Amino acid sequence: AYSEGSNENFGRVDNWAGYVQDDWKITKNLTMNIGLRWEMDTPRRDMRNMLCGFAFDPINPVCNCPGVMTFAGVDGASIYASDFDKNNFGPRFGFAWRAPWGLVLRAAYGIHYNPLYFGGAQGALNAGYGVGQASFSSPDNGVTPAFYLRQGMPAIPMGQARGAGYGAVPIGEDPYFSPEFVQKNHVSGYMQQWNFAIQKMLPRNTLLEISYIGNAAHKLGTESTNLNMIPLVDGHGPAKANRKLLPWPQYDAVNLFQPDWGNSTYNAMNIKVEKRYSQGLNFLVNYTWSKFIDDVVANGPMGGGGNGDGATHVELRRLNKSLAADNIPHRFIASGVYELPFGMGRHWAISNPVLRQIVGGWGFGFITEFRSGSPFTVWERTNKTNTFSSDVRPNLLRDPTLSGDRPLQDKLNKWFDTSAFQSPAVTYFGNAPRQIPGSPGLIQIDASIHKAWNLAERRRLLFRGDFYNMPNHPNFAPPNGNHGAGAFGKVSKTVGTGRQIQLSLRFEF
């Protein structure tokens, strides 16, 4: 794929927003919140009009086939990468009701919008306006190398005139350029969020809350996707990879920049117990039981994403719906601080100054997290679909889960049943989902201890010890999902760190 870009960036995206909101106290026990927000990100533009695009249908003069490059402000092309998305209205509604029996009920609903682009757009979409760069891909989808080093680097065309034929080659020649563009009707993703919670005050200044949280999102952005794939026949590819069968054989890839075709749903029950600070003690305990589903690659997912997590073929996007890479079914988090009741200003003041300095001023803290593992991806090492598609997943024959009652080393060597996966036949795509549940979970226990000595009215010596991953428990990364590799199914990495101890002594004045 060949691209050009300038060394300086003059890209611009503006954000406009406005809102109205009101809190309405209907009765002394019932309050409502109503609001409406409007917001808009302008499409990307370049202050010098150095912006490119792509049109599917016009005939390219180089190959006499459909598909041409467009350039901002040239031949009627817009100076913006896409149309304006102006209808981003986000209503909000909520209420809080102090009900009988010491209960408080809260609920809310709102629509919220994501930024226009999935990631940074600066420096993108500027082919034709700078120094040439090139990369080269296999002519048959990875079977044959793009070129051999002993043959030297292929020639890179330079200084082409910006026009409809830019970057194209006649049909049958090896392409060197990959257009990148934003679809004309690109829009901001939006989320519908809602929740309902019941709160109850318990003795000793303790709060209990049980809540339901929901989120449904649509038009979510995802990573840029190559559309230049051989169309499928009866759901599979041709007998041989032939670039002449591509929709735009005059180019290598044709990359749709961060398409807005993603969807997701999240539903969760959350239980929280909070002891507000009193008598030297406060703590917060939180348990979440949830399910998260999506159909596109997330930005920095917990499960790793990468190979196998993206679209296999642009015609098979319907098969991408699965558990999200960030799906964590169970999560328990607890934290707290306890100041021992000895010393000046505490329950037992201790009159003896020496004893007070020894046993007074101590405190302890902790933060713990226990969570189930995220899903993991499995993908084929070799793409044999002959379609120039991106990822290929294997066939899943049965549930790959193995018993957890095995020695740790056995689990690390074979985390799941590797024989449950089978390579699809040549030209076919596998049926395995994007994400498969069952990565290793996580246990994290951090603790701290501190001691203060009051030396004078305005002088204090503070000792602190922090213990991260105090039990030195290893937390493992997802297993290797490269079907066909020797390490398939093995766990070879950890996440986080081993036990770390940090001691400090501070003099305050």
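Let me start with Phe-463, which touches Ile-449, His-450, Lys-451, Trp-453, Leu-503, Ser-504 and Leu-505, leaving out residues up to four places away in sequence. Contact here means heavy atoms within 4.5 Å. Before going on, note that this is a predicted model, where local features need pLDDT of at least 70, side-chain atom pairs count only at pLDDT 80 or more, and totals for chains, interfaces and linings use all residues. Residues are numbered from 1 along each chain as its sequence is written, and side-chain values use heavy atoms, with hydrogens and water left out.

Back to Phe-463. This residue is in strand β25, residues 459-468; strands (E, at least two residues) and helices (H or I, at least four) are DSSP runs, numbered from the N terminus. One of its contacts, Lys-451, is 12 residues away in sequence, and the C-alpha atoms are 5.2 Å apart. The cut-offs are under 20% relative accessible area for buried and over 50% for exposed, with partly exposed in between, using a 1.4 Å probe and protein chains only.

Next, Glu-369, in strand β20, residues 362-371. Its relative accessible area is 15%, so Glu-369 is buried. Apart from neighbours within four places in sequence, Glu-369 is in contact with Arg-331, Phe-332, Ile-333, Leu-442, Ile-443 and Gln-444. From Glu-369 to Ile-333 there are 36 residues in sequence and 4.5 Å in space, C-alpha to C-alpha.

Leu-281 lies in strand β17 and is partly exposed, at 28% relative accessibility. Setting aside neighbours within four places, Leu-281 has contacts with Lys-275, Arg-276, Val-337 and Tyr-338.

Now the backbone. Most residues other than glycine have a negative phi. Which way does phi go at Gln-279? Gln-279 is not a glycine, yet its phi is positive, about 50°. Gln-279 sits in the loop between β16 (262-278) and β17 (281-294), and at 72% relative accessibility it is exposed. Asn-64, also not a glycine, has a positive phi of about 55°. Asn-64 is in the loop between β6 (52-60) and β7 (65-71) and is exposed, with a relative accessible area of 63%.

On to the interior. In soluble globular proteins, nonpolar side chains tend to be buried together. A nonpolar core, as used here, is a set of buried Ala, Val, Leu, Ile, Met, Phe, Trp, Tyr and Cys residues joined through side-chain atoms within 4.5 Å. The largest one has 28 residues, of which Phe-54, Met-69, Leu-125, Phe-177 and Tyr-251 touch the most other members. Strands β6 and β7 each supply at least two residues of this core. Another core lies apart from it and has 11 residues, including Val-378, Leu-412, Ala-420 and Phe-488.

How many cavities of 30 Å³ or more does the structure hold? There is 1. A cavity is a set of points, on a 1 Å grid over the protein atoms alone, where a 1.4 Å probe fits but cannot get out; lining residues have an atom within 4 Å of a point. Grid points are joined across faces, edges and corners, and the volume is the space filled by probe spheres set on the points. The largest cavity has a volume of about 40 Å³. Its lining is Glu-380, Thr-382, Lys-384, Thr-385, Val-392, Pro-424, Ala-425, Val-426 and Tyr-428.

Last, confidence. Mean pLDDT, the predictor's confidence in each residue from 0 to 100, is 89 for the chain, and 92% of residues reach 70 or more. Over residues 1-7 pLDDT is below 50, and this stretch has 39 contacts in the model beyond near neighbours in sequence.

Notes
On a 1 Å grid over the protein atoms alone, a cavity is a set of points where a 1.4 Å probe fits but cannot get out, and a pocket is an open set with protein on both sides within 12 Å along at least five of seven lines; lining residues have an atom within 4 Å of a point.
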